[in-house]
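User: Please examine the following model and answer some questions on its fold.

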Amino acid sequence: MNAVRKQILIAIDWYLPGYRGGGPITSVANLVDALGGEYDFSIITSDRDYAQKDAYPGIEADTWVTLSPHCRVWYCSAEAGSYRHFRRLIADTEYDLLYLQSMFSLRFTIYPLWNSRSNKPEVPVLLAPRGMLHAGALSLKPLKKKLFLALLRITGIHKQLRFQATDEQEIIDIRQVFGADTAVLRAPNLPSMKQTAWVSIPKEPGVLRLVFLSRLTEKKGLHFILEWLREQRANVQLDIVGPDEEQGYWQRCEQLIAALPPHIQVRKHPPAPPEEAVAYLQAAHCFVMPTLGENFGHAIFEALGVGRPVLISDQTPWRDLQARQLGYDIPLKNQREYHDALQQLAAMDQVEWDRWAQAAWTYAAAFIADGKLLAENEQLLQAAMLPEANKPQV
């Protein structure tokens with residue numbers, strides 16, 4: 001790679017051609033695609049997709065694989081995932097910034113972080129918590145998370161980091177955990193800069209097609225939807241698309257599904273690659289995900305991008321949706337409001353639903369066209385690479 005260009009080393013649990021790992025894959029792929037003309041990216045990741053036993057076919061592990069003129073990837077095999085392996089890999093790789101994509105990953109946060117601080121303490125480290133410091137996320141399986149965060153504070157290593165926040169709430173979340181003087185840089189996640197044409201589907205009053213497109217975890221809130229659907233009188237079809245992530249969670253959801261009345265139909269589908277995910281979104285009237293917390297929510301934006309209203313919690317950056325006819329963002333405690341929103345969606349006729357669907361598409365188009373997003377991400381990398389003496393802080 002050209003030594004004149006700045007070198008960004010990214011560590012992430014899963015990357016392309018994977019898609020089961022959710023939003024971080026999308027965020028990094030969009031960043032590389034958008035800024036590959038300015039920087040050279042080296043990415044360290046797993047040699048298989050999330051929760052998969054088999055490695056990617058046709059991809060050589062434990063060596064640098066060139067994906068584009070300005071992006072190469074090191075696919076770590078399961079056998080080469082030791083601390084010693086990462087120590088050698090970090091020491092042998094030239095980079096001007098280490099960019100970590102998870103708060104709690106052993107192989108792709110802790111190992112690279114510790115080895116980078118040991119071998120190249122002068123090189124800045126940027127850590128993107130990806131919403132993992134949100135109160136809702138920390139409340140799930142909290143013991144391990146609290147122990148790791150305590151370790152960071154005790155060692156003081158958090159003072160050597162720069163953190164990425166995607167909105168004001170994440171700035172608050174980061175500083176509540178690590179202190180008010182923590183160096184935080186703000187830049188939103190980059191969505192895909194490509195948008196499909198808006199496509200309408202038939203919409204009759206009393207008929208509603210919903211899609212849940214996400215990982216099957218308590219955090220994403222599928223169980224809430226299944227509980228709320230019990231009281232719906234409309235003919236509702238819910239398509240669930242995503243990987244099982246938590247032991248016993250899908251069994252819990254199956255029990256809720258079994259209690260639904262006959263006019264509520266639920267279909268479960270395996271995880272879908274991006275092109276198939278778009279088709280699921282386009283076949284639905286509304287995207288639903290009452291999440292406990294998202295720092296961006298790529299699936300939410302992808303739904304808006306194909307012109308579908310969304311029904312989500314108020315724990316994401318996407319707010320005040322109903323006033324703009326983009327959907328609903330409702331506190332999880334307000335169950336009655338969720339019931340009312342579902343009834344309103346079901347009661348829509350073709351004209352009203354088309355108006356909401358077109359408003360969603362138009363909003364996403366304007367969001368993509370806003371050059372500020374790309375500029376903020378480039379400024380993020382520039383600021384993160386400043387020397388320690390000029391350590392940035394919002």
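User: Among contacts in the chain between residues at least 6 apart in sequence, what percentage joins residues at least 24 apart?

Analyst: This is a predicted model, in which local features need pLDDT of at least 70 and side-chain atom pairs pLDDT 80 or more, while totals for chains, interfaces and linings use all residues. Residues are numbered from 1 along each chain as its sequence is written, and side-chain values use heavy atoms, without hydrogens and water. With contact defined as heavy atoms within 4.5 Å, the share of these contacts that joins residues at least 24 apart is 73%.

User: What radius of gyration does the chain have?

Analyst: The radius is taken over C-alpha atoms, and the globule rule is 2.2 Å times the number of residues to the power 0.38. For 394 residues, the rule puts a compact globule near 21 Å, and the chain agrees, with 21 Å.

User: In which order do the six strands of the open sheet stand?

Analyst: Strands are DSSP runs (E, at least two residues) numbered from the N terminus, and two of them pair if DSSP finds at least two bridges between them. Seven bridges, for example, join β9 (residues 207–213) to the parallel β10 (residues 235–241). The pairing in the open sheet is parallel, and the order is β11-β10-β9-β12-β13-β14.

User: Why is one side of β11 and of β14 left without a neighbour in the sheet?

Analyst: Strands β11 (264–269) and β14 (327–330) each have a single partner strand, so one side of each lacks a neighbour because both stand at the edges.

User: Which residue in β10 does Arg209 stand opposite?

Analyst: Strands of a sheet pair through backbone hydrogen bonds, either parallel or antiparallel. Here β9 and β10 run parallel, and the residue in β10 opposite Arg209 is Gln237.

Definitions and conventions: Helix = DSSP H or I, 4+ residues; strand = E, 2+ residues; numbered from the N terminus.
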